[in-house]
Amino acid sequence: MTAILEARQLRKVFGVTPAVDDVDFSIDAGTRTALIGPNGAGKSTLFELLGGGLSADSGHIAFNGADITAWPPMRRAQAGIARTFQIAAVFRSMTALENVQTALLATVPGGGGLRAASSAFKGEAEALLDTVGIAAAMESAVTDLAYGDVKRLELAMALAGNPRLLLLDEPTAGMAAAERRRIMERATGIAVARGIALLFTEHDMDTVFGFADRVMVMHEGKIVADGAPGDVRADPLVRRIYLGADADA
Amino acid sequence: MLFQRFAATVGVVLAISGPHPATAAEPIKIGEINSYTRLPAFTEPYRKGWQLALDEINAKGGVLGRKIEMIRRDDDGKPDTAVKIADELVRRDKVVMLAGTFFSHIGLAVSSFAKQNKVLFLASEPLADSLIWDKGNRYTFRLRPSTYMQAAMLAKQAAKTGAKKWATVAPNYSYGKEAVAAFQDVLKKLQPDVEFVDAQWPALFKIDAGATVRALEAAKPDAIYNVTFGSDLATFVREGNLRGLFEKRVMVSLLTGEPEYLEPLKTEAPTGWIVTGYPWYAIKSPAHDKFLKAYQARWNETPKMGSMVGYNTMLSIAAVLAKAKSTKTEKLVDAMRGLTLETPMGKISYRAADHQATMGAWVGWTAVENGQGFMTRWHYVDGADVLPSEADAAKLRPAN
Amino acid sequence: MAFAFAQFLTGLASASWLFLVAAGLTIVFGVTRVVNFAHGSLYMLGAYIAYSLTGMLSLGGFWLAVPIAAVTVGLLGVVLEMTVLRRLYGAPELFQLLATFGVVLIVKDVALTLFGPVDLFGPRAPGLTGAVRIFGEPIPEYDLFMIGAGITVLAIIWLLFNRTRFGILVRAATEDAGMVAALGVDSGRIFTLSFFIGSTLAGLAGALQVPREPVTLLMDLNVIAEAFVVVVIGGMGSVFGAFIAAILIGQLKAFGILVLPESTLVVAFLAMTVVLALRPNGLFGRAASGPPPAAEIAPPENLGRFGRPAAIALLISLALLPLVAEPFILVLCVDIMTLALFAAGLRLMTGPGGMISFGHAAFFGLGAYAAAATAKAGLGMVAGLAAAPLAAGLGAIVIGWLCVRSSGVYLAMLTLAAAQILWSAAVQWNWLTGGDDGVLGIWPDRWATGPVAYYYLTLAVSGAGMWLLIRLAEAPFGYMLRAGRDAPARARALGIDQRRLKWLAFTAAGIAAGLAGGLAAFAKGNVFPDVLSIPKSVDGLLAILLGGLHAPAGPVIGAAIYAALENILSRLDHWRALLGLSIVGLAVFAPGGVGGWISKRLRHRSRP
Ligand SMILES: Nc1ncnc2c1ncn2[C@@H]1O[C@H](COP(=O)(O)OP(=O)(O)OP(=O)(O)O)[C@@H](O)[C@H]1O
Ligand SMILES: [Mg+2]
């Protein structure tokens, strides 16, 4: 297998404390990796570095063979890195459908002239909404959507650009167990079907161990464990620093 | 729905601007435009002046057997608004002529409108020379002595002082520039060896007086010619007094003797400056006495220069209507050319060649008494004495 | 050397005054995020009150009048906060700005009524009536006092913010208002208190200015632009930044006047432009975090299925209007249509684009002057109307490039600087613009002369312009523009080049304004520097406020209402206060504007 993403000695310091501390890893195409760690471990910061929202203090990122360390977020997105945010970010003045249409329009170089945007990519957008399971809420203003549906919408938008790598920051936060399973099934299903590499953070251990084929554990900015779910679960260090008293759960 | 909204809006406009029903003894309507809200300190005395004259004229039965009705509108200090109002006054209110304006650029805007739409415009207050000279037109006349005239009056007096090294300070807009250029021009003709060593151009009503005074001091002139007025003047005078700028220097200052500008200075008022102005408190003539009494009785305050300008504006309007015996524009314009009338300041006439009235100004020295500035050793300069000859003036105007 | 030092002290005295005004403004902004245009009015009231009290108090005179005036103004500020501004926290900056602008109009009329139109010149400050010699140069004692006052106020503010519980809470609220609320502190009280402090400082600055310059009705607007410049250079919310910026401006002016006396018109704005080009958030400011508040309320954009029929009905009725209306109505409609086109461009950049402009007149003016120059060169009206959008568009490309690097109030101030610099150029460059006396006699070609012909021309040109702008907003361009406004990080993560889109929107708005300027030039027959002035920019902002920022039809409706309102109100003596009241009322109670209200109705109906 070939690595689609490689991070080398990535480092980001806020003030004096490093949030991401010389992190090294690579992600292979078509795999599903979970990034776990306690609150404040540095997971979201690492995602920002990968997505380009923050620039690294030092280190390098390669994507698909190209050094993208200095690329702005826009260019990374165009190259095939898609993402969702820990706090879902969608376009609040639009309906769910328009959100996805806009995401699709963003993939067209030059925009598309003076044609009305409301009829552009309608079929594709509906299909994407259907994929994530909110086709029924298509015409709703996003301000009327339940939070879980907003997360699904964000997923649909992230998928619009046909990414090679999908970064999901806590895709199931704030959801009930049944819903968690449903959305993760969809996300991983799409990833597998389209050969998208998936990297996601998650606090719910059932989700992590149910859907990832690899788990990385972050603690105080460092990756302290990395391997198959079973191995990581058994790692005594991880049990101590991360799973703590709930280790047996 | 959208259209209904819009139609309703248009409907409102139509309703308020629909034609009025005609009545039998209709008054003669005059449109009057001025910056009433923008510069009330200057335009209010002006309004009181023409109001007084209007009441006097109408009490005597008006002119041509009809009363005069002034439709007064506020231009908010914007030329665009002034032109729009002019349009409304002419097209909707059917006024027979336009009058007023304070700022030069608004005067010019209305003048240009008057030319395009062939309507008589009597510019009462704006000072710009261009209004009647290089941008003059058949339909525009001006009452007040222009920048050039007042600067020339001062230059004549300044030449007698013998000062050689001059500095100037004037607000940074066209009035200031014109006033400096005219003064330099006339003074150099009278005294070819004068030298202008510094020119300060503070932003209008935003003078940085400390720095300006110091910059003038640094140039070490024998004499200073000042064009600032209003709040700039007060700030400049205080700062100059504090820093000794005026000590042992000849000071010549435009308009500073007008009550509008001298009165607010109170104890800070300068002494010994050569100024143009209006010493209403000391003028002894029956015509002026009558005006002064009437004005004080009516408004319970002393007159300003603007009051006089307003009063004379109204007198001029009545006089031109009487002379033309008509309200037709072309007849009025012909009557305006060479129109002569008696005012509290004496006889004035509107020159046929350049449409400038010969209304003059008083030149004298400032002094302070009882915490109040006033003009002393003044004399009246007739406008005709400082204007170029009619033949020369005609050459300054574009061929219409 | 002695001369330079004395000049330095003179600059420092002006800087102190500037700092006193700006300090209050920056504190209020830092805590409440409100852009308070009425700060200048509070300053003016401070001066009027101190002047009046100085006359009335026999004991203590001026020195007693100053603190009383300052505190009185502080309390007036509290009243303002509790009645108006409190309702605007979290509203887009545009609404705060316009509401406080309404307050400016009201206060001006009230001050005129209470204090009269005449300039009021106070006596010199008792005890400080002379000048002292420093290295042989006379320096007014009061200047030295002002310098001391500036430094003292800086020290007091520092102590207040760093050594008192209130100050620490204020700083915490500045960082994170929600956090403070979570700690059980009433952030409303903190806001009110900081408003009190800011207003007191404004009153103090006004009162202390009484011995230096006459109190006039022009003080409010004369000071506000410069105060904003100082606040922005320093970084909004940074008191120390304001101090440094005030010194910078004060010294630039004091020494600039020796080199180039005319420079006083632009030096502050040039300095701001340079600082913001290098540091988009000012010297000590921080980038605002999170999406702009506009995203919170921006409703959907489209008109629904009634939009097209309504537009067609409007067009037909406008086409038929000359059959029934008298000429003046047509003249008024030409005004309305040019204002609508101007506002439509502005709406594209402000609504979907999320960029506020305080200086959109820059492009209106560029267009007007370009049209005038072309016509004067004998090339005729058609060439003039083509040159207008071209010149404005080129200007917008250059100015927009600089502006879109900043955001929020910084961006707005850059547009203001651009307009002010262009205005100064128009005033100074007589050979090109005719200076204040303007360009006269720019009338339409013969075939378009007369109210009816020019009405049709304007209808066609501005109608086409507005149609294009509406199409742009509904095209992918408009959607992606809104995307960048609603959630910048999301938009970037989708590969949307937000800065480029904003730049394009800015340019489109500039082109529309330029075309409007060209139309206006031929309608009025002349062009003056006023076309580049702040009131012209405000006209456009008011039209979109009245019509609705997020309604595509807003500019048309807003322009019509504004013109009608102005025409009716300007006949009344207190029309400014009435206009001010209407603006405040609209901003507070109907922020969607009339157009927003209609759009909402239409959308509801068009739902199946
Ligand atoms: N913009 C920022 N400025 C300063 N410190 C920051 C910033 N963003 C994150 N941090 C700090 O960096 C550390 C890592 O934060 P991060 O959000 O990456 O953690 P996380 O693993 O995503 O936590 P969580 O599970 O709660 O989402 C934390 O200590 C956080 O306080
Ligand atoms: Mg996180």
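Predicted model: local features only at pLDDT ≥ 70, side-chain atom pairs only at ≥ 80, totals over all residues.

Biologist: How many residues of chain C are in contact with chain B?

Modeller: Contact means heavy atoms within 4.5 Å. By that rule, 87 residues of chain C touch 73 residues of chain B.

Biologist: And what area do chain C and chain B bury between them?

Modeller: The size of an interface is often given as the accessible area lost when the parts come together. Here buried area is taken with a 1.4 Å probe and summed over both parts. Chain C and chain B bury about 7,000 Å² that way, with 61% of it on carbon and sulfur atoms. On the chain C side, C:Phe121, C:Phe328 and C:Asp437 lose the most area to chain B, together 10% of what that side buries.

Biologist: How many salt bridges cross the interface of chain C and chain B?

Modeller: A salt bridge needs a side-chain nitrogen of Lys or Arg within 4 Å of a carboxyl oxygen of Asp or Glu. The rule finds 8 between chain C and chain B. One of them joins B:Asp80 to C:Lys536, with the closest N and O atoms 3.5 Å apart. Helix H24 (residues 554-569) of chain C gives the most to the side that touches chain B, 7 residues; helices here are DSSP runs of H or I, at least four residues, strands are runs of E, at least two, and both are numbered from the N terminus.

Biologist: Now chain A. Which residues of chain C lose the most area to it?

Modeller: For scale, chain C and chain A bury about 2,500 Å² between them, 65% of it on carbon and sulfur atoms. C:Tyr479, C:Arg490 and C:Leu494 lose the most on the chain C side, together 29% of what that side buries. The contact takes 28 residues from chain C and 29 from chain A.

Biologist: What does C:Arg490 form a salt bridge with?

Modeller: Its partner is A:Glu154, with the closest N and O atoms 2.8 Å apart. The count between chain C and chain A is 1 salt bridge. As for elements, H20(C) supplies the largest share of the side of chain C that touches chain A, 7 residues.

Biologist: What coordinates the magnesium ion (ligand 2)?

Modeller: Donors are N, O and S atoms within 2.8 Å of the metal (3.2 Å for Na, K and Ca); water is not among the atoms, so sites may look incomplete. This ion is coordinated by A:Ser44 (OG) and A:Gln86 (OE1), at 1.9 to 2.1 Å. A:Ser44 lies in helix H1 (residues 43-51) of chain A and A:Gln86 in the loop between strand S6 (81-84) and helix H3 (96-105), so the pair ties together parts that are 42 residues apart in sequence.

Biologist: Last one: is B:Thr37 buried or exposed?

Modeller: Buried means under 20% relative accessible area, exposed over 50%, and partly exposed in between (1.4 Å probe, protein chains only). B:Thr37 is buried, at 10%. By comparison of labels, A:Ser44 at 26% is partly exposed, and A:Gln86 at 33% is partly exposed. Leaving aside neighbours within four places in sequence, B:Thr37 is in contact with B:Asp74, B:Asp76, C:Trp575 and C:Arg576.

Note on methods: Residues numbered from 1 in each chain as written. Chains lettered and ligands numbered in written order. Heavy atoms only, no water. Buried area = accessible area lost by both parts, 1.4 Å probe.
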